Amino acid sequence: MKSPNHLNVQAYARVAGVLFLLSMIGGGFGEAYVPSKIIVSNDAAATAANIKAFAFLFRLGFVGFLLESVCDTTLSLNFYVLLKPVNKHLALLAAFFGLVGTAIFAVTELFYFMALYWLSDAAYLKTFQTDQLQTLALLSLKYYIYGSALFTVYYGLAWIVRSYLIFRSGYLPKLVGVLMAIGGLGFVARNLLLVLAPAYASGMLLMLLVPGALLLAGWLIFPGVDIIKWNERTTWTTA
């Protein structure tokens, strides 16, 4: 019979894997796909027309963020539980970084949703000209995009710390730790470049996280944690 500890840690691992996949799907849809279909750079009128024509898709983009943020908040707990046998203080630090990143991104999403209200038929907006409202809607979306990008350092730091713990754990593959460290560094590098050298802040730096994220999610769902090494680690840390 499997021990309760065995069942517990594998449950955390598999839930984390599923949530991580859902987070990537929600984030990819809400942060990449929908904006690419709606926002026309430096063309407020075209962007406003797209928002009105595809209002439901625009709202679904916000739902995608909600899915991502709920998953990421829960993942802060799951990864803390999975990685605390290596170093509980660093695991907690990673959880804090992750939660702060999610909270800040939630604030920037207000600017995303505000674009809908600039283009609504509310009576109090009649004091603005149509082109002014369109400009305000596009400006809100630009605040959303730039504001969220300015704080990706928190998400990147969370994964740099977690990748170190994964690499040291012994019960998760070292390759996953290496790949996730590269992805975390990509987030941090883009954040710093946005501040110091915006012309070089390519969005492709964020894509460095994808290989490790897919491998980590798949590993957590299927093989899961190496229970023998997990028990050795937990016994050692509690001895």
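Student: In which helix do Phe 113 and Tyr 117 lie, and how many residues apart are they?

Tutor: Please note at the outset that this is a predicted model. Both Phe 113 and Tyr 117 belong to helix H4, and they are four residues apart, about one turn of the helix. The two rings form a tilted aromatic pair, with 6.0 Å from centre to centre and 50 degrees between the planes.

Student: How many aromatic pairs does a search of the whole structure find?

Tutor: The search finds 16 aromatic pairs. One of them joins Phe 62 and Phe 113, a tilted pair at 4.8 Å centre to centre with 50 degrees between the planes. Because Phe 62 lies in helix H3 and Phe 113 in helix H4, this pair ties together parts that are 51 residues apart in sequence.

Student: Which residues form one aromatic cluster with Phe 113?

Tutor: The cluster contains Phe 58, Phe 62, Phe 65, Phe 105, Tyr 112, Phe 113, Tyr 117 and Tyr 144.

Student: Let us turn to the cores. How many residues has the largest nonpolar core, and which have the most contacts inside it?

Tutor: A nonpolar core is read as a set of buried residues joined through their side chains. The largest one here has 30 residues, and Leu 82 and Leu 216 have the most contacts inside it. Helices H1, H3, H4, H6, H7, H8 and H9 (227–238) each give two or more residues to this core. Leaving aside neighbours within four places in sequence, Leu 82 is in contact with Val 9, Tyr 12, Ala 13, Ala 16, Tyr 171, Leu 220, Val 225 and Trp 230. A second, separate core has 16 residues, including Phe 58, Tyr 112, Ala 115 and Leu 116.

Student: What is the volume of the largest pocket, and which residues lie nearest its centre?

Tutor: A pocket is an open space, whereas a cavity is one from which the probe cannot get out. The largest pocket has a volume of about 1,000 Å³. Its lining comprises 35 residues, with Gly 27, Glu 31, Glu 68, Phe 187 and Leu 206 nearest the centre. By class, the lining holds 21 nonpolar, 10 polar and four charged residues. Helix H1 (4–38) supplies the largest share of this lining, 10 residues.

Student: How much space lies in the second largest pocket?

Tutor: That pocket holds about 200 Å³. It is lined by 14 residues, of which Lys 52, Ser 120, Asp 121, Thr 130 and Leu 133 are the closest to its centre. Helix H2 (44–53) and H5 each give two or more residues to this lining, and H5 gives the most, with three.

Student: How many cavities of 30 Å³ or more does the structure hold?

Tutor: The structure holds one. The largest cavity has a volume of about 70 Å³, and the residues lining it include Phe 20, Asp 72, Trp 159 and Arg 162. H3, H4 and H6 each give two or more residues to the lining of this cavity. The largest share, four residues, comes from H3. The lining divides into five nonpolar, three polar and two charged residues.

Notes:
Residues numbered from 1 in each chain as written. Predicted model: local features only at pLDDT ≥ 70, side-chain atom pairs only at ≥ 80, totals over all residues. Heavy atoms only, no water. 1 Å grid on protein atoms, 1.4 Å probe; cavity = no way out; pocket = protein on both sides within 12 Å on 5 of 7 lines; lining within 4 Å. Points joined across faces, edges and corners; volume = space filled by probe spheres on them. Nonpolar A, V, L, I, M, F, W, Y, C, P; charged D, E, K, R; others polar. Core = buried A, V, L, I, M, F, W, Y, C linked by side-chain atoms within 4.5 Å. Buried < 20%, exposed > 50% of the residue type's maximum accessible area, 1.4 Å probe, protein only. Contact = heavy atoms within 4.5 Å. Phe/Tyr/Trp six-rings, centres within 6.5 Å; stacked < 30°, edge-to-face > 60°.
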